[in-house]
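Please look at the sequence and the structure below before reading on. The paragraphs that follow go through the helices, the cores and the loops in turn.

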Amino acid sequence: MPLAPLSKEAHLRVKAIHRLSREINGKTRTRHEKKLLELIRKHIDEIEKLWENKNKHFIIETGDLIVLCLELILENKASVNKVMLGCFARYEKKLSHLIKERSQ
């Protein structure tokens, strides 16, 4: 049986963070999604600047970005593990295809 992308403990913590985030950022789905997307954009800019300056703090900010993305998945009542397993499969297939194309 394959491992789930998030452990039970991590999943519970993300759900708790999500509840707190909704309390601060907007209880309606649309308001919360808009705030999450705004924060995602800000984190991407910050990560890029830190990375360009060779500041290793970009790794922590990347972790924060992952939490925001997980929240967006939860906000839409989707299973984090199902989404991630599906994405892993898509990436594996796409990358394998690109490698095969490159070697021809």
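Predicted model: local features only at pLDDT ≥ 70, side-chain atom pairs only at ≥ 80, totals over all residues.

Helix 2 covers residues 29–52 and helix 3 covers residues 58–75. The two axes come within 9 Å and cross at roughly 160°. Angles over 145 degrees count as roughly antiparallel, and so helix 2 is roughly antiparallel to helix 3. By class, the contact between helix 2 and helix 3 is made up of 13 nonpolar, 3 polar and 7 charged residues.

Now turn to helix 1, which spans residues 8–25. Sorted by class, the contact of helix 1 with helix 3 has 5 nonpolar, 3 polar and 4 charged residues.

Helix 1 also meets helix 2. Here the axes come within 9 Å and cross at roughly 100°, so helix 1 and helix 2 are roughly perpendicular to each other. From helix 1, the residues H18, S21, R22 and N25 take part, and they meet R29, R31, H32, K35, L36 and L39 in helix 2. The residues of the contact of helix 1 with helix 2 divide into 2 nonpolar, 4 polar and 4 charged.

One residue of this contact can be followed further. N25 lies in helix 1. Is N25 buried or exposed? Buried means under 20% relative accessible area; N25 has 16%, so N25 is buried. Leaving out residues up to four places away in sequence, N25 touches R31, H32, K35 and L39.

In soluble globular proteins, nonpolar side chains tend to be buried together. In this model, the largest nonpolar core has 6 residues, namely L6, V14, L70, I73, L74 and V80. Helix 3 supplies the largest share of this core, with 3 residues. Not counting residues up to four places away in sequence, L74 touches H11, V14, K15, H18 and V80. Another core lies apart from this one; it has 5 residues, among them L36, I47, L65 and L68.

The loops are next. Between helix 2 and helix 3 there is a loop that holds K54 and N55. Most residues other than glycine have a negative phi. K54 has a positive phi, near 55°, and is not a glycine. The relative accessibility of K54 is 70%, and exposed means over 50%, so K54 counts as exposed. N55 has a relative accessible area of 34% and is therefore partly exposed.

The loop between helix 3 and helix 4 contains N76 and K77. Helix 4 runs over residues 80–102. What is the phi of K77? Phi of K77 is near 55°, which is a positive value in a residue other than glycine. K77 has a relative accessible area of 76% and is therefore exposed. N76 counts as partly exposed because its relative accessibility is 32%. Setting aside residues up to four places away in sequence, N76 touches R29 and E33. The C-alpha atoms of N76 and Y91, which are 15 residues apart along the chain, are separated by 22 Å.

Terms used
Residues numbered from 1 in each chain as written. Heavy atoms only, no water. Helix = DSSP H or I, 4+ residues; strand = E, 2+ residues; numbered from the N terminus. Buried < 20%, exposed > 50% of the residue type's maximum accessible area, 1.4 Å probe, protein only. Contact = heavy atoms within 4.5 Å. Axes fitted to C-alpha atoms, helices over the stretch in contact; angles between N-to-C directions. Parallel < 35°, antiparallel > 145°, perpendicular 65-115°, else oblique. Nonpolar A, V, L, I, M, F, W, Y, C, P; charged D, E, K, R; others polar. Core = buried A, V, L, I, M, F, W, Y, C linked by side-chain atoms within 4.5 Å.
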